[in-house]
Amino acid sequence: MTTTPIAHRATAVAARATDLSKVYGQGETQVVALDHVTVDFRQAEFTAIMGPSGSGKSTLMHCVAGLDTFSSGSVRIGDTELGSLKDKQLTQLRRDKIGFIFQAFNLLPTLTGLENITLPMDIAGRKPDKAWLDSVIDMVGLRDRLSHRPTQLSGGQQQRVAVARALASQPEIIFGDEPTGNLDSRSGAEVLGFLRNSVRELGQTVVMVTHDPVAASYADRVIFLADGRIVNEMLHPTADSVLDQMKAFDAKGRTS
Amino acid sequence: MFRTALRNVLAHKARLLMTALAVMLGVAFVSGTLVFTDTLSSAFSKQSAKSYDGIAVVANGGTTEIGPGAEKAGGIPADTLQKIEGLDGVSEVTGRVSGFAGVADQKGKLIGSGWANKGGNYAPGKDGKDAAYDFSQGSGPAEGGQIALDKDTAKKGKYKVGDSVRVATNGPVKEYQLSGIFSTEDGAVNAGGSLVLFNTPVAQELYQKPDFFQDITVSAKPGTSDQAILAAVEPLLPKGADAQTAKKLADQEAKDIKSELSALNTMLLAFAAIALFVGTFLIANTFTMLVAQRTKELALLRAVGASRSQVKRSVIFEALVVGFLSSVVGFVLGLGLSVGLRSVMGSFGAKIPSGSLVISPTAVIAALGVGVLITVLAAWLPARRAAKIAPVAAMSSVHAVASTKSLVVRNTIGSVITAAGLASIFAGASMGGGDGRLTIGVGAFLSLIGVIILIPLLSRPMIAVVKPLLGKMFGVSGKLAGQNAVRNPRRTGATASALAIGLTLVTGLTVIGVTLGQAIDRMTTDNIRGDYMVSMANNGSMDRSALEALRQAKGVAAVTPQQALDVEVKGEAWAASAVTPGDVEKIFSLKIQSGSLATLADGQVAIAEETAESNGWKTGDSITAKIGDSEPRKSMKLTIGATFTENEFVSPFVLSTDLVDPLYEKPYIAQVWLKMDGGETKANEQALVDALGDNPGMNIMDRQDIRNMFGGMINTMLYVMYGLLGMALIIAVLGVVNTLAMSVFERQQEIGMLRAIGLDRAKVKRMIRLEAIVISLFGAVIGVVLGSFLAWAIGETFKNSIPNYELVIPLERLGLFLLLAGVVGVLAALWPARSAARLNMLTAIKTE
């Protein structure tokens with residue numbers, strides 16, 4: 001099966017993977033995690049990557065986000081080609097151009113909420129844009145929790161801090177790795193709402209890996225992966241349509 | 001359960017390696033010390049027994065080699081020797097005399113260290129040989145102008161048989177012809193000194209008086225018992241002499257050697273104890289971490305039915321295995337250490353009699369026992385904590401949280417102990433003297449323990465002080481490092497404790513040493529006006545001819561001997577100095593309290609104010625004193641002409657040499673002091689050297705040399721202490737490595753996240769390194785402060801016995817200690833920082 005060509009929209013591309021492959025091991029034990037994947041992530045678009053376990057969805061995100069190396073092909077963030085970068089430059093790129101939201105929140109327990117939010121800028125030695133920071137904090141509704149440490153916050157609040165951290169440095173693109181995986185449905189909905197608002201209102205670009213059809217329904221576009229390849233793409237998804245699509249894959253998987 | 005324990009030992013090799021190293025080093029120190037002193041003691045005993053080979057009885061003439069007035073007293077006359085020789089059962093009698101003899105090398109410098117430069121007589125027996133000396137070249141000195149030298153001295157001086165050799169005794173230098181070179185078991189030679197053999201009449205003239213011996217050795221014909229000879233010899237000996245069988249003497253010497261070495265033994269073991277004490281923290285820390293890491297595992301064991309005591313036993317058993325294995329390795333290392341110690345001593349010039357290592361069962365049991373005991377004791381608390389893990393912990397998905405148990409109990413206990421310690425230190429400081437020192441010792445121990453208990457409490461506020469600075473200087477890495485350092489106060493505390501203990505001792509010793517050194521410096525500057533002090537290399541008495549020669553030296557402005565004698569007043573003996581009136585005040589700054597030193601010339605006596613006061617004497621009083629070496633001593637009336645403030649360089653009684661000299665056959669001239677025109681100059685020093693005939697047996701010291709003589713001793717002692725405490729510091733470094741490795745392991749996820757959001761490798765490394773430096777410096781600051789405080793307290797106790805005592809805090813050196821502590825931190829962070837920087841981000845941020 002060949003990859004489905006993706007319709008080109010008029011907007012600019014925030015990140016692009018071309019012919020991207022990732023292979024673990026050699027010979028008999030060789031595992032192909034990504035198999036010649038080509039995909040664009042457009043600016044001001046909320047993309048969800050879905051697929052069953054082992055489909056390569058996390059690997060795709062890690063490679064595009066500069067967290068993992070790839071075997072062949074190329075990855076571009078904005079105008080920067082990742083393949084040629086050394087660890088130091090890659091680290092700088094992640095710091096300045098990429099925001100991250102993890103499933104396990106991954107906040108530093110020694111820092112307060114506010115300090116966690118400004119951490120990427122602290123690392124870069126930059127002063128945060130005060131007005132922008134305020135609007136982000138207000139958006140996630142953390143104004144009265146800024147001096148709390150992560151252990152004093154609920155899971156939902158912690159993830160809101162993580163969302164604010166990702167937004168605060170105004171990155172070109174935000175990657176989320178199952179951002180609602182550890183949250184109850186209400187907190188999850190809140191976080192997803194913030195992400196969608198950041199795309200709609202602030203023009204942020206967000207790419208999120210998830211296995212939850214409800215979470216995916218918040219996105220503008222869903223990409224489906226299986227066996228390291230993109231097998232389908234859906235625009236303006238709803239929870240039901242995503243679920244149907246996944247059931248179809250499941251059935252296909254069983255009959256083939 | 002035991003199998004799980006064993007598996008655990010194997011599974012955590014790297015972490016346990018730190019514990020093992022700490023135990024190994026401590027045990028190596030203990031076993032090395034024990035084996036070394038046992039070996040040394042056995043070798044010396046064998047050697048001394050060997051020197052009595054074939055000898056039945058030894059008689060001592062009641063002479064002492066060094067001491068006022070004793071130079072010519074006693075002795076055994078030659079005719080007594082002949083009488084003993086005529087006794088039934090006696091095969092041979094040898095008479096011995098000995099004293100100081102310095103040999104000049106080709107450049108005119110003394111060979112050897114001064115105190116072990118010996119001279120003696122060559123006493124050939126009936127076969128024409130002296131059994132004590134084994135000649136490899138030439139033969140013994142047959143004529144007065146000949147000498148023989150021991151092998152090493154001849155080699156050092158590059159002398160060959162027939163060469164002429166300059167030899168200094170306590171008088172002028174003389175040239176002798178070298179007749180032979182020998183090897184011997186003599187103690188002075190083995191200690192790295194030299195031995196010159198003279199022909200007997202020459203030696204008698206030099207060291208006793210003609211036809212008198214200091215010692216005689218008697219050997220028996222086969223079949224005669226030593227006791228029978230002893231019984232026969234004793235009645236023939238003059239008054240004051242005594243005799244012993246050689247066997248008894250050898251036993252006595254062996255005993256003396258043992259007791260002398262036991263002091264060394266105790267000191268080395270004290271340092272081993274410090275090293276082990278510091279190691280305890282490291283071991284306890286490691287086991288705490290191992291238990292924390294295994295919370296789930298242990299909870300699972302509990303869930304499937306293991307009892308609390310089984311869990312506890314399994315941890316203790318693990319400690320037992322680790323303790324035993326590392327003790328065995330440590331013991332073997334200790335054997336190497338004892339061999340090393342021997343060669344180190346050898347390189348300082350001391351020849352240690354060869355002999356195989358003596359490994360006594362006591363040494364084996366003590367070393368292994370201590371190693372195992374320490375490990376098990378240190379693991380006790382962690383084992384208890386392990387037993388308390390609830391079975392339900394196996395089910396929880398959360399990573400084991402570090403113990404957040406309140407520190408209230410700990411802090412209360414710590415505060416009480418610290419307060420008791422401090423109170424005891426202050427009490428001791430105000431008491432002064434020996435009692436005060438003992439009280440301070442107890443207080444020091446208590447407050448050290450107290451502070452160690454309080455260290456977790458102290459860590460937060462102390463590190464909080466530097467936190468803002470860290471953030472400012474090193475940005476985010478600094479800020480995070482500061483916060484990480486106080487994250488687990490218990491662990492930070494345990495890590496810093498090791499360094500704190502080591503540095504408390506190092507700082508305390510340094511401050512006391514430097515303070516004493518400066519006090520001595522000031523004492524020298526304040527009390528001496530003269531330029532040079534001349535003394536014998538062995539600190540014995542010099543001949544009057546040397547004094548006369550110095551008086552004639554070019555450029556001499558004032559000269560006084562310092563003749564040591566004792567003055568007996570009302571049955572009490574007082575140390576006295578006989579000096580040259582008129583010159584003495586130009587050479588020593590004696591602060592006159594009453595009267596005048598001019599009265600010395602009239603045969604009056606000057607007495608130190610403190611001595612006079614305690615006896616109720618005043619200027620103008622008369623006292624009856626017994627002086628001189630006649631028997632009975634001459635009694636005379638002395639008028640007190642002056643009192644002076646006590647001076648470290650003269651005795652409490654000061655008399656004129658004119659008064660004293662007629663009363664002694666041979667004065668005991670300890671030193672000659674001089675003031676020269678133009679002060680201390682090269683030319684003046686050369687003038688003195690020339691006046692003494694380039695005598696290798698005499699030391700000429702200027703004021704700086706005098707200062708160095710005392711200061712040098714203190715410095716050497718300090719360096720030895722530093723060396724010994726280095727062991728504790730090595731263990732402290734291991735402790736820091738251990739803690740950091742654990743922290744990195746626990747914070748994998750955090751570090752992974754930081755890397756993901758843009759902290760580069762260099763900054764991750766810097767973060768870990770700064771954390772190590774902060775913890776090290778925290779421990780070091782506590783050690784330096786506590787050590788300085790203890791030094792102050794100890795100083796208070798001997799404040800009164802040292803005039804112008806003033807506490808000196810050597811800031812540069814303490815600064816150096818802190819700097820070193822920082823370096824320790826950097827070194828300790830090398831490996832953990834590297835592994836943190838290389839952490840795989842993806843595994844680190846992946847959730848379970």
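Trainee: How many bridges join strand 1 of chain A to strand 2 of chain A?
Mentor: This is a predicted model. Strand 1 covers residues 13–24 of chain A and runs antiparallel to strand 2 of chain A. Val13(A) stands opposite Arg42(A) in strand 2 of chain A. The number of bridges joining the two strands is 8.

Trainee: Which residue in the turn between strand 1 and strand 2 of chain A has a positive phi?
Mentor: Strand 1 and strand 2 of chain A form a hairpin, with 6 residues between them. One residue in the turn has a positive phi of about 70°. That residue is Gly25(A).

Trainee: Which are the edge strands of the sheet in chain A?
Mentor: The sheet is open, with 4 strands in the order 2-1-4-5 and antiparallel pairing. An edge strand pairs on one side only. Here the edges are strand 2 (31–42) and strand 5 (80–81) of chain A.

Trainee: Is helix 3 of chain A mostly covered or mostly uncovered?
Mentor: Helix 3 of chain A spans residues 113–124. Its buried residues include Glu115(A), Asn116(A), Ile117(A) and Asp122(A). With 10 of its 12 residues buried, helix 3 of chain A is mostly covered.

Trainee: Which helix of chain B do the buried residues of helix 3 of chain A pack against?
Mentor: Within chain A, they pack against helix 2 (87–97) and helix 5 (155–168). Just after helix 3 of chain A, Gly125(A) takes a positive phi of about 75°. The partner from chain B is helix 13 (433–485).

Trainee: Which helix gives the most to the side of chain A that touches chain B?
Mentor: The contact takes 22 residues from chain A and 18 residues from chain B. Helix 2 and helix 3 of chain A each supply at least two residues of the chain A side. The one that gives the most, with 6 residues, is helix 2 of chain A.

Trainee: Where does helix 20 of chain B bend?
Mentor: Helix 20 of chain B has 44 residues, 703–746. At 1.5 Å a residue it should span 64 Å, and its end C-alpha atoms are 61 Å apart, which agrees. The helix bends by about 30°. The bend is at Gly726(B).

Trainee: What distance separates the centres of domain 4 and domain 5 of chain B?
Mentor: Domain 4 covers 458–528 + 704–848 of chain B, and domain 5 covers 538–695. In their contact, 4 residues of domain 4 meet 5 residues of domain 5. Taken over C-alpha atoms, the separation of the centres is 52 Å.

Methods:
Residues are numbered from 1 along each chain as its sequence is written. Chains are lettered from A and ligands numbered from 1 in the order in which they are written. This is a predicted model: local features need pLDDT of at least 70, side-chain atom pairs count only at pLDDT 80 or more; totals for chains, interfaces and linings use all residues. A residue is buried if 20 or more other C-beta atoms lie within 10 Å of its own, exposed if 12 or fewer, and partly exposed in between; C-beta atoms are placed from the backbone. Two residues are in contact if their C-beta atoms, placed from the backbone, lie within 7 Å. The expected span of a helix is 1.5 Å times one less than its number of residues. The bend at a residue is the angle between axes fitted to the seven residues ending there and the seven starting there. Two strands pair if DSSP finds at least two bridges between them. Domain bounds come from an automatic or database domain assignment.
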